[in-house]
Amino acid sequence: MIQLEQTFMNFLLHHQEKHNRTYHFLVLMDAVVSAAKHIQHYYLTGALRGNLGLAGDVNVQGEDVMRMDQIAQEITIQYLKASERVIHAVSEESEGIIPINPDGRYFFYFDPLDGSSNIPHGLPIGFLFGIAKRNLEGPEDGHLRAGKDYIAAGMFVIPTGMFTLGLRGAGTWQFHIDETMNFVKPTRMNLPDEAKTWELSFNESNRYTYSERVQKWIMENESKYAFRYLGALAGDFHRVLANGGMFMYPAIVNHPNPKKNRPEGKLRLMYEGAVVAFMCREAGGTAVNEEGTPILDIQPAKHHQRTALYVGSKKLVEDIARVLRNTG
Ligand code: AFP
């Protein structure tokens, strides 16, 4: 007998039905999945079509824009517009808020293509997103939502075809892309409790630029775990979610060139840190910043706010959080 796996859309339909929810979120997720599949297609054919190079622009973060960054941004916005479900979007690629549809009911925070340094090599990149609901009753609120107010957050690892989605109070689920470009086979993710599979993931070349207490923690703990680093958050976090352990991008405070210090961290809070922290919480883990404050509790003051990030297995993150809070 031919074995057919449950599709993502079927899974979500049942989820919405079970929780007595509207179809609006389904329409939005259909647009998100379509965007990811298109980005995946452009990336797979990128080397042949000349789409893996620089676009010649600099983005809001002051980084060189790759042609793929622009393609991914354009595709996502087109799909969001067609869905009519989003009022405003915030993207790594745009300085200001992107108006989508004044009647939309969701805020959409996204990085359409994360891990640009992997692009020229065709290595894994990510599409990360967080979704919050607009206040439909009562006074209109801002777009600056803490991760704990997201209703869902997810990531695609492109082009490996892995899709992970955290649903508020309903777990983190992973899907594989099949031969018909459908995401299938929902698998609930739970960070393993057993330390024997745990991994540590951070940019080793930055190590001596971290605070003394973080350097000391690394020295005392690194030999206990395997070390992995891809340089694209979605891929690195994907491993941590499956194997347990911790991904970290600490604050840079001891750079030999003080101008290169990043005391506020490097990663973006709303469409990187809070997104993985949300999926991690739904899979039984946790995430904190450089002060040991839970990432999901941080109220952003601006859309492109940065954060240091420690995310992964509860025991390990809580251990370093005690050091960060100076209580350990
Ligand atoms: P880029 O998109 O600029 O490559 O940044 C990727 C990223 O935001 C995140 O995906 C990685 O975890 C992290 O930065 C890698 O940063 P380093 O290159 O400094 O290790």
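A: Helices (H or I, at least four residues) and strands (E, at least two) are DSSP runs, numbered from the N terminus. The model is a predicted one: local features need pLDDT of at least 70, side-chain atom pairs count only at pLDDT 80 or more, and totals for chains, interfaces and linings use all residues. Numbering starts from 1 along each chain as its sequence is written.

Q: Where is M181, and what is noted about its phi?
A: M181 lies in the loop between β9 and β10 (183-189). Its phi is positive, about 65°, although M181 is not a glycine. Most residues other than glycine have a negative phi.

Q: Why is M181 called exposed?
A: The label rests on a count of other C-beta atoms, placed from the backbone, within 10 Å of the residue's own: 20 or more is buried, 12 or fewer exposed, in between partly exposed. M181 has 12 other C-beta atoms within 10 Å, so M181 is exposed.

Q: Why do β4 (98-99) and β10 count as edge strands?
A: Strands pair if DSSP finds at least two bridges between them. The open sheet has 8 strands in the order β4-β3-β5-β6-β7-β8-β9-β10, with mixed pairing. β4 and β10 each have a single partner strand, so one side of each is left without a neighbour in the sheet.

Q: How do you know that β6 and β7 pair?
A: β6 and β7 share 8 bridges in the antiparallel sense, against a requirement of at least two, so they pair. L128 stands opposite M155 in β7.

Q: What makes α7 (residues 269-282) a kinked helix?
A: A bend is the angle between axes fitted to the seven residues ending at a residue and the seven starting there. In α7 there is a kink of about 25°, centred on V275. By the burial count, 14 of the 14 residues of α7 are buried. Just after α7, G284 takes a positive phi of about 95°.

Q: Which domains does the chain have, and how many residues of each are in the contact?
A: The domain assignment, whose bounds come from an automatic or database source, gives domain 1 (8-189) and domain 2 (195-325). Taking contact as C-beta atoms, placed from the backbone, within 7 Å, 33 residues come from domain 1 and 27 residues from domain 2. β6 gives the most to the side of domain 1 that touches domain 2, with 5 residues.

Q: What makes a residue part of the shell around the ligand, and which domains supply it?
A: The C-beta atom, placed from the backbone, must lie within 6 Å of the molecule. Residues meeting this include E63, D114, N203 and E272. Domain 1 and domain 2 each supply at least three residues. The shell has 3 nonpolar, 5 polar and 4 charged residues, where Ala, Val, Leu, Ile, Met, Phe, Trp, Tyr, Cys and Pro count as nonpolar, Asp, Glu, Lys and Arg as charged, and the others, Gly among them, as polar.

How values were computed: Contact = placed C-beta atoms within 7 Å.
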